[in-house]
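Please keep the sequence and the model in view while reading.

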Amino acid sequence: MDGVHIGLGSFLDYARSTPRGCAGIVRNQWEIYIDETSLAWTFYAPFRSALRRAVSSPDASEVVAEAVRQARPVQQPHYQQLHEGFQRWWGKVRATGVPMESAAWDCGDLSVTLSRRSALALRHRDGHTEVVLPYLKEPELGADSANLALRVLEHLMPVVLPEATPVVLDVRRGKALRLRRNTNRAELDALLAAEVAKYLTHWEAMAEVRRAE
């Protein structure tokens with residue numbers, strides 16, 4: 001099997017999804033693999049872009065509100081919920097956007113990537129930094145799934161933004177999730193390895209389907 005790549009946001013979606021949802025995520029990833037111009041993941045792309053601009057803007061709420069106004073009708077209700085959740089979170093944050101690097105975490109044949117387009121890097125007024133992965137989907141994000149993404153972010157921090165704290169933000173609910181200090185990292189790494197194995201099994205099964213077509 002050649003190396004397989006997936007964005008950290010998509011891997012988080014996979015980890016928290018139902019079996020049917022997992023199959024759909026792998027199918028969409030295959031569409032991107034076959035055709036890089038695939039539109040499989042563009043639904044939230046304008047909102048992600050607005051978030052990146054917002055955290056470096058003097059009027060963050062207006063930047064995100066403009067994304068809501070520009071959204072297609074099918075996107076509008078989702079974008080409005082996201083805007084409301086963003087406002088609740090951002091109203092408690094005293095930070096500004098800073099540069100970050102893209103990076104990848106490899107586990108077996110799977111490479112989980114974090115690009116500068118998919119996360120927010122923040123410097124707070126007291127000087128500490130965070131790298132925030134926005135979670136934009138409708139179902140509430142549970143701590144167990146968020147912890148897997150947070151652990152991947154920990155592995156990536158030396159490259160992405162050294163000494164930054166990883167955060168996963170459930171944007172609709174304006175809720176920031178972080179790993180607790182007493183989190184068992186070894187156990188999380190074992191759970192990650194299991195999710196990676198499951199994903200690669202799904203991927204190879206999809207490859208068999210494609211070869212049979």
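Rings of Phe, Tyr and Trp (its six-membered ring) are taken to pair if their centres lie within 6.5 Å, with planes under 30 degrees apart counted as stacked, over 60 as edge-to-face and the rest as tilted. On that basis, ring pairs link Phe 43, Tyr 44, Phe 47 and Tyr 79 into a cluster. The model is predicted, so that local features need pLDDT of at least 70 and side-chain atom pairs count only at pLDDT 80 or more, while totals for chains, interfaces and linings use all residues. Residues are numbered from 1 along each chain as its sequence is written, and side-chain values use heavy atoms, with hydrogens and water left out.

**Aromatic pairs**

- Across the whole structure, the search finds 8 aromatic pairs.
- In one of them, Tyr 14 and Tyr 199 have ring centres 5.0 Å apart and planes at 80°, so the pair is edge-to-face.
- This pair links distant parts of the chain, with Tyr 14 in helix α1 (residues 8-16) and Tyr 199 in helix α7, 185 residues apart; helices here are DSSP runs (H or I, at least four residues), and strands are likewise runs (E, at least two), numbered from the N terminus.
- Both Tyr 14 and Tyr 199 are buried, where buried means under 20% relative accessible area, exposed over 50% and partly exposed in between (1.4 Å probe, protein chains only).
- Phe 43 and Tyr 44 also pair edge-to-face, at 4.8 Å centre to centre and 75° between the planes; Phe 43 is partly exposed at 26% relative accessibility, whereas Tyr 44 is buried at 10%.

**Salt bridges**

- The count comes to 9 salt bridges, each being a side-chain nitrogen of Lys or Arg within 4 Å of a carboxyl oxygen of Asp or Glu.
- Arg 69 and Glu 62 form one of them, at 2.4 Å from N to O, and Arg 69 is partly exposed at 47%, as is Glu 62 at 36%.
- Arg 151 forms a salt bridge with Asp 189, the closest N and O atoms being 2.9 Å apart, and this pair joins helix α6 to helix α7 (residues 185-212) across 38 residues.
- Salt bridges that share partners join Arg 151, Glu 154, Arg 185 and Asp 189 into one network.

**Helix α6**

- Glu 154 and Arg 151 meet in a salt bridge of 2.8 Å, N to O, and they lie 3 residues apart in helix α6 (residues 143-160), separated by about one helical turn.
- Glu 154 is partly exposed at 22%, whereas Arg 151 is buried at 13%.
- Helix α6 bends by about 35° at Glu 154, with Pro 158 following within four residues; the bend is the angle between axes fitted to the seven residues ending at a residue and the seven starting there.
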